[in-house]
Amino acid sequence: MRLTNYTDYSLRVLIYLSLKSPQELSTIQEIADAYTISKNHLMKIIHHLGQLGYIETIRGRSGGIRLAKSPGEINIGKVVSQTEEDFQIVDCFKHGGSYCAISPTCKLKHALYEALQAFIGVLNGYTLEDLVNNKDELRELLK
């Protein structure tokens, strides 16, 4: 199982914002610089996280972004499920995927599906707050 950069960066944005006070605003450039990633990549992610209700964007000269919810209310499994575009880890999971001769009796796809559910299940047990209980260390690394 491999998550896309989109999901990885989405989680990084949420982690970064959770290190700020609830009223403190951050900029996309600030986050891009902290993680050494493209501002252009982040713009789409920020927009999507705003649509999902995880972050609040404030427009204008002194605008920026901040979390729209407390870190304890942001479930990591849900974020991953909402930002990852394709959990079709094998071709036979896909509608209209290529035909496999053993598909009618294949137990592999069932085992993989069960593993995928376990993966998401574990992530569902974590909130953003759980991931940032070492705030001072994280802040130091993101300077």
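Where does Thr36 lie in the chain? In this predicted model, Thr36 is placed in the loop between H2 and H3, and its phi is near 55°, a positive value in a residue other than glycine. Most residues other than glycine have a negative phi. The relative accessible area of Thr36 is 72%, and the residue is therefore classed as exposed, the cut-off being over 50%.

Helix H3, which spans residues 39-51, contains 13 residues and extends 18 Å from its first C-alpha to its last, close to the 18 Å expected at 1.5 Å a residue. The buried residues of H3 are Leu42, Ile45, Ile46, His48 and Leu49. Because these residues cover an arc of only 165° around the axis, they are on the same side of H3. An α-helix has 3.6 residues a turn, so residues three or four places apart point the same way. The face of H3 turned away from the buried side carries the exposed residues Asn40, Lys44, His47 and Gln51. The cover over the buried residues of H3 includes helix H1 (5-18), helix H2 (28-35), strand S1 (55-58), strand S2 (64-67) and helix H4 (76-83).

The model contains six salt bridges. In one of them, Glu30 pairs with Lys20, with the closest N and O atoms 3.1 Å apart. This pair links distant parts of the chain, since Glu30 belongs to helix H2 whereas Lys20 is in the loop between H1 and H2, 10 residues apart. Glu30 is partly exposed at a relative accessible area of 25%, and Lys20 is likewise partly exposed, at 22%. Lys20 and Glu30 also belong, together with Glu24, to a network of salt bridges.

A salt bridge is also formed between the side chains of Arg66 and Glu56, at 3.0 Å from N to O. Arg66 lies in strand S2 and Glu56 in strand S1, so this pair ties together parts that are 10 residues apart in sequence. Both are partly exposed, Arg66 with a relative accessible area of 21% and Glu56 with one of 32%. In a further salt bridge, the side chains of Lys143 and Glu140 meet at 3.2 Å, N to O, and both Lys143 and Glu140 are exposed.

Technical notes. Residues are numbered from 1 along each chain as its sequence is written. This is a predicted model: local features need pLDDT of at least 70, side-chain atom pairs count only at pLDDT 80 or more; totals for chains, interfaces and linings use all residues. Side-chain values use heavy atoms; hydrogens and water are left out. Helices (H or I, at least four residues) and strands (E, at least two) are DSSP runs, numbered from the N terminus. The expected span of a helix is 1.5 Å times one less than its number of residues. Buried means under 20% relative accessible area, exposed over 50%, partly exposed in between (1.4 Å probe, protein chains only). The arc is that of the directions from the helix axis to the C-beta atoms. Contact means heavy atoms within 4.5 Å. A salt bridge is a side-chain nitrogen of Lys or Arg within 4 Å of a carboxyl oxygen of Asp or Glu.
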